[in-house]
Amino acid sequence: MCTLEKRGRVYLLTLTGTDEHRLNPMLLDAVRSALARVRSEAAASSDGGAALVTAAEGKFFSNGFDLAWARASPSLRPGLMTAALHRTLADLLSLPMPTIAAVTGHVSAAGCFLALSHDYVVMRADRGFFYMSEVDIGLPIVDSLMSVMRAKIPDPRTRRDVLLRGKKVTAAEAEARGIVDRAVVGAREAVEAAIAMGEELAARNWDGEVYASIRKGLFKEVCKGLGLEEASGEEAAAAAAAALTKQPSSKL
């Protein structure tokens, strides 16, 4: 369902196959297993900073929830699916390194939440739309996921168009309206651009736990909705003290 490889300082997580990469608990658990491996390897490494890039094979980055799987047991499976996405987004938001989504094709509905839960988004410019389809298919959005939209798409008119009009947004328009950070022609080129960004960020050699702590504070509403606990004042102070002891005097 997904592969994980290391390119320099960058971990590349790829959703494999030419399907739509519909999000169900099986795929999301595979992603979470890969993220756990990234977290473990980074913690054990003495090589300095790292970064994560998430990409996908085929014409879709992700076409959202696996609604066919959910409809097989409508009283049970939708809740399981949403909970699995919550856990995956929480893992991304607490990962102790910069994260970049390389959106190599169409991205819609729940797939948009997955992409936007990365720190940066690079989107393929010559194929694919950013499309929140819920208003068109009659599917409500739970507030914990809506908070991702409020946090990552700050302009209210852009949110209106995306959520209340079901506008299919091209990569060029998504870049202009602040939904994604870069639009790059070609799927391979989008991945390479994301990896280059990851290398640049990893070279800063930031303390990963401090980075994750700042991210959680920045997106406090999102993290609360996903069940991520915020560090107490004492824990934050202890983390800051530990980070200071690691810094050479030239950085202080």
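**Burial, pairing and packing**

Q: In which strand does Ile100 lie?
A: Ile100 lies in strand S5, a strand being a DSSP run of E with at least two residues, just as a helix is a run of H or I with at least four, each numbered from the N terminus. This is a predicted model, in which local features need pLDDT of at least 70 and side-chain atom pairs count only at pLDDT 80 or more, while totals for chains, interfaces and linings use all residues. Residues are numbered from 1 along each chain as its sequence is written, and side-chain values use heavy atoms, with hydrogens and water left out.

Q: Why is Ile100 called buried?
A: Its relative accessibility is 0%, and buried means under 20% relative accessible area, with exposed over 50% and partly exposed in between (1.4 Å probe, protein chains only), so Ile100 counts as buried. Leaving out residues up to four places away in sequence, Ile100 touches, among others, Leu52, Tyr120, Val122 and Leu201, where contact means heavy atoms within 4.5 Å.

Q: What makes S5 and S7 a pair of strands?
A: Two strands pair if DSSP finds at least two bridges between them, and strand S5 (residues 99–103) and S7 have four, running in the parallel sense, with Ala101 opposite Val121 in S7. S7 also pairs in the parallel sense with strand S10 (residues 182–184), over three bridges, and there Val122 has Arg182 as its bridge partner. Strand S7 (residues 120–124) is mostly covered, since four of its five residues are buried.

Q: Why does Ser62 count as buried, and what does its side chain reach?
A: Ser62, found in strand S4 (residues 60–62), has 0% relative accessibility and therefore counts as buried.

Q: How does the span of helix H1 compare with the expected one?
A: Helix H1 (residues 25–44) reaches 28 Å from its first C-alpha to its last, close to the 28 Å expected for its 20 residues, the expected span being 1.5 Å times one less than the number of residues. Its buried residues include Leu27, Val31 and Leu35, and what covers the buried residues of H1 includes strand S1 (2–7) and helix H3 (77–93).

Q: Which residues touch the most other members of the largest nonpolar core?
A: Of its 56 residues, these are Leu52, Leu89, Phe130, Met149 and Ile179, and H3 gives the most to this core, with seven residues. A nonpolar core is a set of buried Ala, Val, Leu, Ile, Met, Phe, Trp, Tyr and Cys residues joined through side-chain atoms within 4.5 Å.
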